[in-house]
Amino acid sequence: MIKIVLADDEHLVRGAIAALLGLEDDLEVVAQVGRGDQVVDTVLEHAASIAVLDIEMPGATGLDVAAQLKKSAPDCGVVILTSFGRPGYLRRALASGARAFLAKDAPVDQLAGAIRRVHEGGRYIDTDLAAAAMVGGESPLTDREAEVLRAASDGATVARIAAALHLTEGTVRNYLSNAIGKTGAGNRMSAIRTAQDMGWL
């Protein structure tokens with residue numbers, strides 16, 4: 001049996017995926033969690049060989065968790081499910097150690113096939129998502145610019161961002177200005193939306 005930990009903060013979606021995977025003879029969902037920061041401990045506790053992760057979760061994103069599993073449980077294959085076909089997500093998922101990347105609305109036999117392929121040491125990437133990633137291009141933002149944009153996404157003031165990231169207010173303004181220019185946006189919130197839509201944040 002392939003032992004799976006399933007992580008998704010949407011209870012109904014998580015339950016439906018678990019029920020459908022449970023119909024497969026060789027797959028067993030041994031645990032379900034609703035937060036990203038619960039995944040690593042759960043994988044280790046159940047000696048799971050596959051983690052199926054949503055990208056957007058409280059506690060830690062699926063991309064963050066994939067990177068953590070790469071260090072803490074390198075034998076656990078990571079399958080990323082997303083409802084966002086943002087181009088930057090695929091690159092970031094693969095860089096973080098994920099070995100499969102597909103849309104949440106994929107047929108269950110496609111998901112089951114991706115899990116089996118990853119369990120055997122292979123990779124699976126949804127062709128539509130891969131095509132979108134190729135068109136989207138690399139993020140033009142530096143790590144610091146992206147970090148400052150993420151910190152600004154909840155409407156934080158320059159002073160609050162500076163304090164949180166241990167930067168001067170002038171440095172924060174420079175990073176925001178650079179990010180606005182690189183995204184072709186007219187203001188900070190527009191730059192954040194553009195970067196999120198492209199999967200750069």
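In what order do the strands form the open sheet? The order is β2-β1-β3-β4-β5-β6, with 6 strands and parallel pairing. The model is predicted: local features need pLDDT of at least 70 and side-chain atom pairs pLDDT 80 or more, while totals for chains, interfaces and linings use all residues. Residues are numbered from 1 along each chain as its sequence is written, and side-chain values use heavy atoms, without hydrogens and water.

**View 1. The edges of the sheet.** Strands β2 (27–33) and β6 (124–125) are the edge strands, each pairing on one side only. Pairing requires at least two DSSP bridges between two strands. Strands (E, at least two residues) and helices (H or I, at least four) are DSSP runs numbered from the N terminus. Strand β5 (residues 100–103) pairs with β6 in the parallel sense over 2 bridges. A100 has Y124 in β6 as its bridge partner.

**View 2. Helices on the sheet.** Helix α3 (residues 62–72) packs on the sheet and touches β3 (50–54) and β4 (77–82). Contact means heavy atoms within 4.5 Å. The direction of α3 makes about 155° with that of β3. Axes are lines fitted to C-alpha atoms, for helices over the stretch in contact, and angles run from 0 to 180 degrees between N-to-C directions. Helix α5 (residues 108–119) lies across β1 (2–7), β2, β3, β4, β5 and β6. It runs at about 155° to β4.

**View 3. Helix α1 against helix α5.** The axes of α1 (residues 11–21) and α5 come within 10 Å and cross at roughly 75°. That makes α1 roughly perpendicular to α5 (65 to 115 degrees). I17, L20 and L21 of α1 meet V108, L111, A112 and I115 of α5. The contact has 7 nonpolar, no polar and no charged residues. Nonpolar covers Ala, Val, Leu, Ile, Met, Phe, Trp, Tyr, Cys and Pro; charged covers Asp, Glu, Lys and Arg; the others, Gly among them, are polar.

**View 4. Helix α8 against helix α9.** Helices α8 (residues 158–165) and α9 (residues 169–183) pack at about 105°, with axes 9 Å apart. So α8 is roughly perpendicular to α9. From α8 come V158, A159, I161 and A162; from α9 come E169, V172, R173 and L176. This contact divides into 6 nonpolar, no polar and 2 charged residues.

Technical notes:
Angles under 35 degrees count as roughly parallel, over 145 as roughly antiparallel, 65 to 115 as roughly perpendicular and the rest as oblique.
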